[in-house]
Amino acid sequence: MRLLTTLALTLAAVTAQAAEPTPAAARPKTALVIHGGAGFVPKESLSAADLKDVHATLNQALDAGNKVLAAGGSALDAVEAAVRVLEESPRFNAGKGAVFNAVGGHELDASIMEGHTRRAGAVAGVTTVRSPIKLARAVMEHSPHVMLAGAGAEAFADTRPEIERVPNTWFDTEHRRRALEKAQREEAENAHKARDAQAYRPLEDDAPKYFGTVGAVALDVHGHIAAATSTGGMTNKRYGRVGDSPIIGAGTWADDRCGVSGTGWGEYYIRAAVAHDICVRVAYRGDTLQAAADDVVNRVVPAMGGDGGAIALDREGNIAMPFNSGSMFRGWIRPDGSRGTAVHED
């Protein structure tokens, strides 16, 4: 009888202990950081209504990604969910808000990477896929390849019934059309700076004034990191130009320590392998995430003549969001649950 009583008391104590809430410090860490592009957006150019809408959309993307993480879902699912919200917004240069190319159409790029497996998928120059990030993930999960481009990517999309298709005009927005018209007027006015007829080479004065690329990096309860990036590229781009966003290691990178999504002048981000460089500084040199991201974005890229920003996240939940372009649309949820959105440095 005494033994039964002792067992009963022990069981009751264990049950009571299990019922107590887990201290916050002992819970698995999750974190999420997103961006809607870096560039020069003067404060006076954004009305109160514009700012309200931008912050609301950034918060919707944070909510979508955090809902996955809070339920114990994967970082991969979280970054896809967050980016898809941003792709649907005409505010950003991805999906619905994609810029126009030189012939008045849209060519979209995206990539996604899972850090602990190093699986990755990317698409470039797609024209009828409503969510390029979803197609990039399909490339990763349902093909033996990492990147598919143009007509080939579209043909692969034909084999995936879950990939929604839209006419290219679905991506049209009036403010992007005005941006194209302005860029082409300026190009005509600067005809004396003629380009080589055989190869398009952007001149210094052609530096894009605004980047609306979108991206997300997440840390899940399993300690895994994923990163994703989606873009419409550069206004008035020619000849099937592809920037850094779909290139693994340039615009997107994730490993078991670190994840990065970049936003900036893609030619320089490719040449500097920006996303990968940030993470290898953490892995091989022992740099803090902030130090690595700051040095690459604020020293390496400008020294080459480029500009932009990046979001980065490490396995401890530390977040870095450097930019050198005057502004970067961004949002974050830290492991302690604190969150925020911002556009300018303040």
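How many contacts beyond four places in sequence does the model have for residues 197-210, where pLDDT stays under 50? In this predicted model, that stretch has 22 such contacts. Over residues 3-19, pLDDT likewise stays under 50, and the model has 0 contacts beyond four places in sequence for them. Where pLDDT is low, the predicted coordinates should not be read in detail. The protein chain as a whole averages a pLDDT of 90, and 86% of the residues score at least 70.

An open sheet of 8 strands is found, with mixed pairing and the order β4-β3-β2-β6-β5-β1-β11-β12. Because β4 (147-149) and β12 (339-342) stand at the edges and have a single partner strand each, one side of each is left without a neighbour in the sheet. From one strand to the next, the twist averages 10°. Strands β1 (residues 31-39) and β11 (residues 327-333) are paired in the antiparallel sense over 7 bridges, and A38 stands opposite M328 in β11. Helix α2 (residues 48-70) lies across β1, β5 (214-219), β11 and β12, and runs at about 145° to β12. Helix α3 (residues 75-87) also packs on the sheet, where β1, β2 (108-114), β3 (119-126), β5 and β6 (225-231) are touched; the direction of α3 makes about 155° with that of β5.

An unreviewed UniProt entry places the feature "binding site" at several residues, including T263 and W265. T263 is located in strand β8 (residues 258-264) and counts as buried because its relative accessibility is 0%. The side chain of T263 reaches the backbone nitrogen of A38 at 2.9 Å. W265 lies in the loop between β8 and α7 (266-271); with 4% relative accessibility, W265 counts as buried.

Conventions. Residues numbered from 1 in each chain as written. Predicted model: local features only at pLDDT ≥ 70, side-chain atom pairs only at ≥ 80, totals over all residues. Heavy atoms only, no water. pLDDT = per-residue confidence, 0-100. Contact = heavy atoms within 4.5 Å. UniProt positions renumbered as here; feature names shortened; annotations may be inferred. Helix = DSSP H or I, 4+ residues; strand = E, 2+ residues; numbered from the N terminus. Buried < 20%, exposed > 50% of the residue type's maximum accessible area, 1.4 Å probe, protein only. Polar contact = N/O pair within 3.5 Å; in protein donor to acceptor, adjacent residues only side chain to side chain. Pairing = 2+ DSSP bridges. Axes fitted to C-alpha atoms, helices over the stretch in contact; angles between N-to-C directions.
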